[in-house]
Structure formats: structure tokens, C-alpha cells
Amino acid sequence: MKITLDIPDNIAQQLTETPEELQRYLLELLVVEAYRTERITHFQVGQILNLPSRWAVDAFLRAYHAYLHYNEEDLESDRETLRQLRDKQAINS
């Protein structure tokens, strides 16, 4: 999808050097905000920005201070999984 924005030239020049840089800059801002508000996933960030790896996506999001969505429920789920794995390992030992 293509979206056109009308920005006064003097303001656009303050934001970036070239129209291409401005286009990328605005796309990155949109993607970061969509990720922060959980409208898109980590994977989709990489797809939209054509980033080569999960690590590149992580680095990009870190640069914008947009961190992994991880809450207490996720932590408890991970703890339970770890407990189950330890119990299984203890039985197999």
C-alpha cells in the first residue's frame, strides 16, 4: 500500500536530507509505534522493514527503545515450563 503525506518542504528538509530518507524515517516511526501498541509482531517488524534477521529486528527496536513485550504472565509461563523440564530431566536421570 502506498500512502502520500503532504509536508511543507522546509519542514521535510529539517527532518532528513532526501525524500527517500524521509520516507524510510516515517516508515520506521510508524512500525515502532505499531509494535509498541502491539498492533504488529516482532516478525512483522522485520518483514515491513526488510530486516535480514531476528537479531537485526532486535537491534532496530532497541535503537528506538521499543522492547520485547514480556509481562508477569509470560514470566510465570516460562517458569512453569522450566519446572516441567527439570522434573522430566530428574525422572530420566
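## An aromatic pair

Searching the whole structure turns up 1 aromatic pair. Its members are phenylalanine 60 and tyrosine 64, whose ring centres lie 5.0 Å apart and whose planes meet at 55°, so the pair is tilted. To count as edge-to-face, the planes would have to be over 60 degrees apart. Keep in mind as you look that this is a predicted model.

How buried or exposed are the two partners? Phenylalanine 60 has a relative accessibility of 11%, so it counts as buried, because the limit for that label is under 20%. Tyrosine 64, with a relative accessible area of 22%, is partly exposed.

## Helix H4

Phenylalanine 60 takes us to helix H4, which covers residues 54-63. The buried residues here are Val57, Asp58, Phe60 and Leu61. Around the axis they span an arc of only 165°, so they sit on the same side of H4. Turn to the other side of this helix and you will find Trp55 and Ala63, which are exposed.

What do the buried residues of H4 pack against? Their partners are helix H2 (19-36) and helix H3 (42-49). After H4 comes histidine 65, which has a positive phi, near 55°.

## Helix H3

Let us move on to H3, one of the helices that the buried residues of H4 pack against. In H3, the buried residues are His42, Val45, Gly46 and Leu49. Looking down the helix axis, you can see them fall within an arc of 95°, which means they line one face of H3. Phe43 and Gln47 are on the other side of H3, and both are exposed.

The buried residues of H3 pack against H2 and H4. Following H3 is asparagine 50, and its phi is positive, near 55°.

## How confident is the prediction?

Across the protein chain, the pLDDT averages 91, and 100% of the residues score at least 70. Where in the chain is confidence lowest, and where is it highest? The lowest is in helix H1 (residues 9-15), with a mean of 89, while the highest is in H3, at 96.

Methods: Residues numbered from 1 in each chain as written. Predicted model: local features only at pLDDT ≥ 70, side-chain atom pairs only at ≥ 80, totals over all residues. Heavy atoms only, no water. Phe/Tyr/Trp six-rings, centres within 6.5 Å; stacked < 30°, edge-to-face > 60°. Buried < 20%, exposed > 50% of the residue type's maximum accessible area, 1.4 Å probe, protein only. Helix = DSSP H or I, 4+ residues; strand = E, 2+ residues; numbered from the N terminus. Arc of directions from axis to C-beta. Contact = heavy atoms within 4.5 Å. pLDDT = per-residue confidence, 0-100.
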